[in-house]
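Reader: Hi! Could you walk me through this one?

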Amino acid sequence: MNGPLIKAENIYKTYVSKAEKINAVNGLDLDIRTGDLVSIMGPSGSGKTTLLHILGCLDNISGGKLEMFGEDISAKKEGELVNIRRKNIGFIFQDFHLISSLTALENVELALCLARKKRDREEIVDLFAKVGLGKRINHVPKELSGGEKQRVAIARALAASPKLILADEPTGDLDSKTSMDIFELLVSLNEKEKSTIIVVTHDETLGVKAKRVIRLKDGKLQN
Amino acid sequence: MNLLKLAFKNLARKKIRTFLTAGGVAVAVAVLVSLLGFDAGYQKALGRDIDKMGYQVLVTAKGCPYEAATLMLKGGGGLRYMDQDVYNKIVKDPRVDMITPQLVDTVYDPDRQEGQGGYAMYMGIEKSYRKLKPWSKYKDGDWFSSDSADEVIMGYEAAEVEQRHIGDKIFIPGKNKVLTVTGIFERTGTQDDGIIFMPLKTMQDIFDQHGKLTGIGIKLKDISDISEFEEDLYDEPGIQVISLAQVRGTILNLISSAKVMTNSVAVIAVFIAVIGVTNTILMSVFERTKEIGVMKAIGASSFDIFKVIWLETTFICLLGGITGNIIALAAGNIVENTFKKILPYAPGGKLVYITPLLLIASLLGAIAVGMISGMYPALRAASMRPVNAIKSGE
């Protein structure tokens, strides 16, 4: 059994408005191990995306303890969190978020540049082949289909060889056939590359394909 | 891929906006370069005009010294007259190296400038006038045959305008006098180019100003005597003494209010350009909030984001600076002609003097404007929390 990559103990994320306090994440315990493929599922407003942002070091917790990659990151500031993200985390978003003026190849090269990592052109081309986008790497996003864009986003997430890949509704903007292809690509990356992947999804048929399924309701684990 | 290339690509994404913003900077830079070029060029041309007068002290009849100084430099009628006895007295002063009497007047000629009409300027001189200007050469012809000959020597431009050659006749409207062209001077780049010269006595006869002068140009043997010499002449009744160093200062004073106005316009243009660039880049940052959030999520530091936005602003301003310099160089003649029309006195020769140093300084200035303009938008972008930026618009 692999060691824990993420260990969350009784974590909270509280938003305070004038009228009320809302616990988007409400006393949650979580243990993610290297090589896991985890689906986070739940209804809208259950705290899935907030949890993903916390696990992506994009947001701080309001309470509890969070250890990631062997470090306590509960109270780290943005300047420190960016280094953790850069070294360890790759992101895949629902609406791809590729830079529209850059080609597929340049989007991946930019991610490498921002992560302060270098890869040969051949390695990047191999990476595109791995995600099933061998021939359209010199196209800008508007020339690509939704599925192709998401493959570029996956290649970008993998480029710096992160320890953890976080995918927020990666199939949300795709048709069912393409959604299945993209999810199977993530499963395959998990199996072949031993990538640790956490996927937030609404789609029950896809979510259950993960090794573990975490269900959230009102910021708490259901199972 | 690096941040420099990314900044370029970001600007290329919105070409029209980029070019319009750079256009605003270009206009500001063009105005600034033209005005600074004019400032340098005017002073240089004025110095050249004054130096080429050949004398250090000018004596005129009492009146407004500003008016006298300007009229003597740019030429024109309306000068007051003084008795030639003043000249006869000063010429005996042992401190005087060279001295030349002048009588200047203008006549309206309806046939001038291809029938549009215009003033022709005439100056009565003696041989000493040429001795004070040894650089003055004949393009054609020679000096008058006698001190009272009905002959003229034409300045280069005057001959061009009147289309006259040696031996041609000149008719002075209203004076019923026909004179013969005996010489044409080469171009000097001064007001002399536009003057029609004749012997002093002839001029006094034609204009009915016997024994009168409008000015006396004096060059001293020792320039250090100038203060004492001026002091002595102040006691003479009916005349005033103007040193050409004063003339330079007087004319610079005359145009200083115009300069304040034009420099204010330049400063306002630069200020508007800064606001325009800041606003454009700020809008661009707001439009790209989500993209900035994603870049931060995938590893960009706040400084990376700051650099990208700052580089974009600097590129726009550099592009504006280069374009502005090209405009300033191309529009130099238009600016020059405009200034010549609106200023009370414009020296001869080139007035807008744009040096390589000025061009380099304006480019550096444009880059500085870019850096200042980009500071706030870049800080706004850099300080965005990635989670808020990604969530924006949802």
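Author: Happy to. First a term: a polar contact is a pair of N or O atoms within 3.5 Å; within protein, one must be able to donate a hydrogen and the other to accept it, and residues adjacent in sequence count only if both atoms are side-chain atoms. This is a predicted model, where local features need pLDDT of at least 70, side-chain atom pairs count only at pLDDT 80 or more, and totals for chains, interfaces and linings use all residues. Residues are numbered from 1 along each chain as its sequence is written, chains are lettered from A and ligands numbered from 1 in the order in which they are written, and side-chain values use heavy atoms, with hydrogens and water left out.

Reader: Thanks! How many residue pairs are in polar contact across the interface of chain B and chain A?

Author: The rule finds eight, both residues being at pLDDT 80 or more.

Reader: And which elements of chain B give two or more residues to that side?

Author: Those are α1 (3–13), α10 (289–297) and α14 (386–391) of chain B; helices here are DSSP runs (H or I, at least four residues), numbered from the N terminus.

Reader: How many salt bridges cross over?

Author: Four, by the rule (a side-chain nitrogen of Lys or Arg within 4 Å of a carboxyl oxygen of Asp or Glu). In one salt bridge, A:Glu106 meets B:Lys9 at 3.1 Å, N to O.

Reader: Switching topic: why is helix α1 of chain A largely enclosed?

Author: Because seven of its eight residues (48–55) are buried, meaning under 20% relative accessible area with a 1.4 Å probe, protein chains only. Among them are A:Leu51, A:His53 and A:Ile54.

Reader: What follows α1(A)?

Author: A:Cys57, with a positive phi near 60 degrees.

Conventions
Buried < 20%, exposed > 50% of the residue type's maximum accessible area, 1.4 Å probe, protein only.
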